[in-house]
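Please look through the chain below before reading on. The report moves from the overall fold to a few local sites.

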Amino acid sequence: GLQVFDPSAFIAQRKRDGEGPQFLKTDTHWRPEAMEAVASTVARHIKEEELLPQRPPAGYTQRQVSVTHLGDIAEMVKFPPGRQLFPPETVTTQQVRDPDGAPWQPDPTADVLLLGDSFSNIYSLSGMGWGTGAGFAEQLSLALDRPLDKIAINAGGAYSARQELARNLARGTDRLAGKRLVVYEFAMRELAEGDWKLIKLTLPTPAGSVD
């Protein structure tokens, strides 16, 4: 009963069409251009399938930002000082901005919730070194031209975001309130080796009520 989009063939076709590398040279994650193209394709599918009602355009804008960083694979090799064999890589990200120019932020009141992993965070989370405000959630929100909520946690793509959602619900914060669509992004390797444990999603029972 779930709709699935596997971007593998789409990304491979982009490379065959001369769109250049689709993944970072010394990092396990996709390049900004590949991520943006996937976000646009997912948004187009959502619109074609009429999975969401019409709403006024959010009016987001983009701003190009150049980012230079050394990928996670190269950093994990731990070369001795002065023996780094791989140079830093520079990419151009597309930061998403609100109509007033402020950086994009997730909106808990939105009717779309994105669950994701490091592939969503790679250009959003400053600690990953590839900039902020330009990740998968931002690009999907831009392509849909509507706000969305986001729970994205590095590693454990099969369960981490679901687990955090459950924790929010258990604390009484209903991140599913008003949601019409949940988009769940995770690395394909999770299908083979991920921990798809069952996680119960329940709100706490109000005091004095009968469950």
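## A loop proline

Two residues are in contact when heavy atoms lie within 4.5 Å. By that cut-off, Pro88 touches Thr68, His69 and Leu70, leaving out residues up to four places away in sequence. The model is predicted.

Pro88 sits in the loop that runs from α3 (72–77) to β2 (89–97). Is Pro88 buried or exposed? Its relative accessibility is 52%. Exposed means over 50%, so Pro88 counts as exposed. Ala74 is 14 residues from Pro88 in sequence. The C-alpha atoms of Pro88 and Ala74 are 9.2 Å apart in space.

## Overall fold

The chain holds 7 helices and 5 strands. Along the sequence they follow the pattern α-α-β-α-β-β-α-α-β-α-β-α.

Taken along the principal axes, the C-alpha atoms fill a box of roughly 65 × 40 × 35 Å. How much of the contact count comes from residues 24 or more positions apart? Among contacts with a separation of 6 or more, such residues account for 75%.

## Surface and charge

Of the 211 residues in the chain, 41% are buried. The chain exposes about 11,900 Å². Carbon and sulfur atoms supply 54% of that area.

## Aromatic pairs

The chain has 7 aromatic pairs. One of them joins Phe186 and Trp196. Their ring centres are 5.0 Å apart. Their planes meet at 75°, and over 60 degrees counts as edge-to-face, so this pair is edge-to-face.

The Phe186–Trp196 pair links distant parts of the chain, with its two residues 10 residues apart. Phe186 belongs to the loop between β5 (181–184) and α7 (189–193). Trp196 lies in the segment after α7.

Elsewhere, Trp30, Phe119 and Phe136 form one aromatic cluster.

## Helix α5

Phe136 of that cluster is also part of α5, where it is buried. The helix spans residues 136–144. How many of its 9 residues are buried? The count is 7, so α5 is mostly covered.

The buried residues of α5 are Phe136, Ala137, Glu138, Gln139, Leu140, Ser141 and Leu144. Glu138 carries one of the buried side chains named here. In an α-helix, residues three or four places apart point the same way, because there are 3.6 residues a turn. Just after α5, Asp145 takes a positive phi of about 60°.

## Ser160 in α6

Which helix holds Ser160? Ser160 is found in α6, which covers residues 160–170. Its relative accessibility is 11%. Buried means under 20%, so Ser160 counts as buried.

Setting aside neighbours within four places in sequence, Ser160 is in contact with Ile153 and Ala155. Pro88, by contrast, counts as exposed.

Key:
Residues numbered from 1 in each chain as written. Predicted model: local features only at pLDDT ≥ 70, side-chain atom pairs only at ≥ 80, totals over all residues. Heavy atoms only, no water. Helix = DSSP H or I, 4+ residues; strand = E, 2+ residues; numbered from the N terminus. Buried < 20%, exposed > 50% of the residue type's maximum accessible area, 1.4 Å probe, protein only. Areas by Shrake-Rupley, 256 points an atom, 1.4 Å probe, with all protein chains shown as cover. Phe/Tyr/Trp six-rings, centres within 6.5 Å; stacked < 30°, edge-to-face > 60°.
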